[in-house]
Structures are given as C-alpha cells and as structure tokens.
Amino acid sequence: MSGEKMEKELKEDEFSGHTKLTGEQNALLYLFSLNNDYIKFDPVEEELLAFKPWNDSALQIELHQLSEESPPAVKELMEHCVLPPKLTAILHLDKNELEIIYTSFKKAVLGANLSTRSFEITHNGITRVCRFSPASQRLIELSRLVDFVGPTDNNYRNLFSFKLMDLASEEDLETIFISPLSFYISNVSAINDELIAFIRTLNFYMSYFDHSTPRVMVHEEVTAKGYNDQGRYRHESFPDTIDAEELDVALLTYWDETFTDNNFLRFIYLFRIVENVSMSYASDTLRSKVKHLVSRPDVRAKKSEIIDLICEAVNSSDTKVLDDFLKFERTVGSISETVLWQEIDNNRDYFSSAQHFDGGYTLPALIGKNDTIDDFIAKGLSPVSRSMRDIRNALAHGKDLIKGGVILPTANNSMLLQPWVYLAQLAAGEVLAHSKSR
C-alpha cells in the first residue's frame, strides 16, 4: 500500500465526528498500517477499531486508548512491530527479534525448565539465539487492546491465557498463572521463506532433543479453490427401516476414525477399508459356483467331495492370478456408478480439472467438463480406483513412482483433498455395507 494512499486513509478529517486524532496519533497509525497493511481501520462512535490483526478475522484491536497518555509500549507497538499472519508472534523491527506468543498458564511450563531455556542454533550460515523469557511489555499492552470477535483454530494467537490472567482472582494468579512467557528468536528482520524454513528446522531439533517441547506453529495460507459440501443423504432420505449386516469389527474401527478433522488420515483410513475388503475379492463366476455348491441339499452327506469341488473352482478361477491392484480395481468397479456420480457431479468443476498439490504431485482430471452420467458409466470405474491408489501413494509412500511428487500435509493440500475424501467416503461406505456379500 502506497504512502500517499495510506495518508489519505488516515487523514484526521476522515474520522470527523468519531475519533479525533492528533498529528502524533495519525503518524503512529500510519506506521502501524505500513508495517501491517492487511489491517483495516474503522471509526466506531468514539473508538477506532483495527480489524484482522495478523490478518485473523477472529480478532480486532480497540485503539480508543491511543492517546497522549498511552503507555510507551503502545506507541512502540504502533511504530516498530509487525503482526505476521503466518505466525503467532510479534516481530520487533527495531530489535531484529521475533517474539513467539506462548502462555501465562503455569501448568504449561511447570517442571519443564522452559523459563530458563536458551540456546544457539545455526542454519544456512545464520546463527540465532532462541530463548524463553517474560513476554514483552509491548505484547502485554497489545493483549489488553485485543478483543475476540469470532471462532478460532489458534487459541486467538495464544492470547486467551493473557486475557484470563487479567480477569483472574488473586488465588488463581498464585495457583494457575505465571508471568506471561514468550519464546524469542534473535537475528530476524523480516518474515520470509528463509525464516519459515528455519522455523520448521528449529521445530525438528527442539522436538528431537525434547519430546514434549512447545513448537512454533506456522499458519499456512489456504489458496485452494472452494468446493461444494458433501450431499447429506446417500439416497434421497434417511430410511425408515435398516437391515443391518454383521460387519467386520476392524473395518468398523477404520470407519469410526474417518470422522476426524485430518483429511490426510481420513483418506488413508477410507482407502484401507476398500483395500482390506478387496483382499478377499472373488469374481462373480466363482461366487456363483461356490454358492451353488454350499446350497446343495446333500452338502452334509458329501462334505469332503464338495470341499474338493470348491477348491477346484477356486484354483480354476481368474481371481487366483489377480494382483492386489486388480482386486482393488474390481472391488471399486462393483460400486454403483450412480452413487459415486452424485458426488462427482456435485463438484464437477473440481473433478473435471487437474489438481496440483503442494509437494509436486498432480492429479489428472477424473471426468471431462461436459461429461454426463452416461459418459461416466461408459468409462467404468477404473479411473476412480487408479486415482484413489495414486493419491494414497503420494500421501503414504512419500513419492509417486510414476508421476513423481508428493502430497505434503499442508493446510492448502487438506482443502484441495476434501472432494476426494467425500468421494472416498462414498466408495468405502458402499464397499463396507456390502462386504458380506462380496
């Protein structure tokens, strides 16, 4: 954002009738905006609100305390600090120091000697000092200005305990809280790719030497395009009666674990259900022969002869020579195309486009942009089974041997994988529900 535009946005007369700003206050807001150009200012009655600090819609800053009498730390915050969206932290530009917001809960650090931990780490020729120390006064003042205004997945940038501490009784202050603690990293002048790579390396070595160490969270930007939510019902509505089969306990355990927030684990577990059922795949011809033999009225009298006939049928079946992939493919191929099509058509734009994952793996389009259900049925379900297998390989094997690339466990990839999780859930549900008849 240009300085000219910023000055225009922060001119005193634009807040006329709301918040009157002095020249110094205007200058401080200008510097704060320059360092944090994603923050949006809005005058509300006699207050000035700064929306989306850290570019986080769950937070806002009330700047009504910004006055000539404001603590020096507030003015320093405005003038020298960056609130980086990728981190739960404050970057102190005047000190070249990154302050990771940690906690004021005593239990989090009790017995871990974290408050005295300090060490040097060298990465790519750059040496940095990392240490746990009391939170800066700038952070303390910021925590008092911040309000929680929406749902969060990051504990409101770890400021929740700071807020609770301000409201705590004297007894709680002694038993539950400690002086707020931060984790500092020296020799940091900017938030860039080098720093993020360093932080990931730092996290590895801290957890390598201390299995219970706190970690520096990196909040990834999600750029994957949107998708439509999964349809609620497998069929038109919930049935009035259900004839339940006695299903395999192991497969049901996998199914239970698919209701997690982790899309990577969800897909792996769903794949395992289909894969496990496919291990006992038998062709329709073989099933028909075996069913005929065990249904004979003389099955008890001629048990030995019928067992021999069953063995002969198995040995002569093409199922015996199928490899694991073909068994998996035929298991998927036995699913109703109509059931799968409803989810594919629900996210037609997604499934008719190639998907490029962080890590280099590219998943080809499953259908053509103008395909109908008849086109989908005509092609068969081999493309579905191949795609499921390729995704599993890119997730679990580290590298797809044919196409190359992996699917890294990033927030962007989690979002990008979501429609395939929906489709895999339909496939696994069909396979599991009919596993006894396969």
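This is a predicted model: local features need pLDDT of at least 70, side-chain atom pairs count only at pLDDT 80 or more; totals for chains, interfaces and linings use all residues.
# A working chat: strands, helices and confidence

Biologist: S133 first. Buried or exposed?
Modeller: S133 is buried, because its relative accessibility is 16%. Buried means under 20% relative accessible area, exposed means over 50%, and partly exposed lies in between (1.4 Å probe, protein chains only).

Biologist: What does S133 touch?
Modeller: Leaving out residues up to four places away in sequence, S133 touches P180, L181, S182 and Y184. Contact means heavy atoms within 4.5 Å.

Biologist: What sheet is β8 in, and what is the strand order?
Modeller: β8 is one of six strands in an open sheet. The order is β4-β5-β6-β10-β8-β7, with antiparallel pairing. Two strands pair if DSSP finds at least two bridges between them.

Biologist: Which strands are at the edges?
Modeller: β4 (81-82) and β7 (118-123). Each of these pairs on one side only.

Biologist: What holds paired strands together, in general?
Modeller: Backbone hydrogen bonds pair the strands of a sheet, either parallel or antiparallel.

Biologist: Walk me in from β4. How many bridges join β4 to β5?
Modeller: Two, and β5 covers residues 89-92. V82 stands opposite L91 in β5.

Biologist: How many bridges join β5 to β6?
Modeller: Four, again antiparallel. L91 faces L98 in β6. The two strands form a hairpin with four residues between them. N96, in that turn, has a positive phi of about 50 degrees.

Biologist: And how many bridges link β6 and β10?
Modeller: Seven, in the antiparallel sense. E99 has Y184 in β10 as its bridge partner. β6 is also mostly covered, with eight of its nine residues buried.

Biologist: Which helix packs on the sheet?
Modeller: Helix α6, residues 160-167, packs there. α6 touches β6 (97-105) and β10 (177-186), and its direction makes about 50 degrees with that of β6. Axes are lines fitted to C-alpha atoms, for helices over the stretch in contact, and angles run from 0 to 180 degrees between N-to-C directions.

Biologist: New topic: I140. Where is I140 found?
Modeller: In helix α4, residues 137-145. I140 is buried, with a relative accessible area of 14%. I140 touches A135, F162 and P180, not counting residues up to four places away in sequence. The C-alpha atoms of I140 and A73 are 8.7 Å apart, although 67 residues separate the pair along the chain.

Biologist: What about α18: how many residues does α18 have?
Modeller: α18 has 23 residues, 411-433. From first C-alpha to last, α18 reaches 31 Å, close to the expected 33 Å. The expected span is 1.5 Å times one less than the number of residues.

Biologist: Where does α18 bend?
Modeller: At Q418, by about 45 degrees, and a proline, P419, follows within four residues. The bend is the angle between axes fitted to the seven residues ending at a residue and the seven starting there.

Biologist: Why is α18 called largely enclosed?
Modeller: Because 20 of its 23 residues are buried.

Biologist: Last one. Where is confidence lowest, and where is confidence highest?
Modeller: Lowest in helix α1 (residues 3-9), at a mean of 44, and highest in β5, at 97. pLDDT is the predictor's confidence in each residue, from 0 to 100. The protein chain averages 81, and 79% of the residues score at least 70. Over residues 1-19 pLDDT stays under 50.

Key:
Residues are numbered from 1 along each chain as its sequence is written. Side-chain values use heavy atoms; hydrogens and water are left out.
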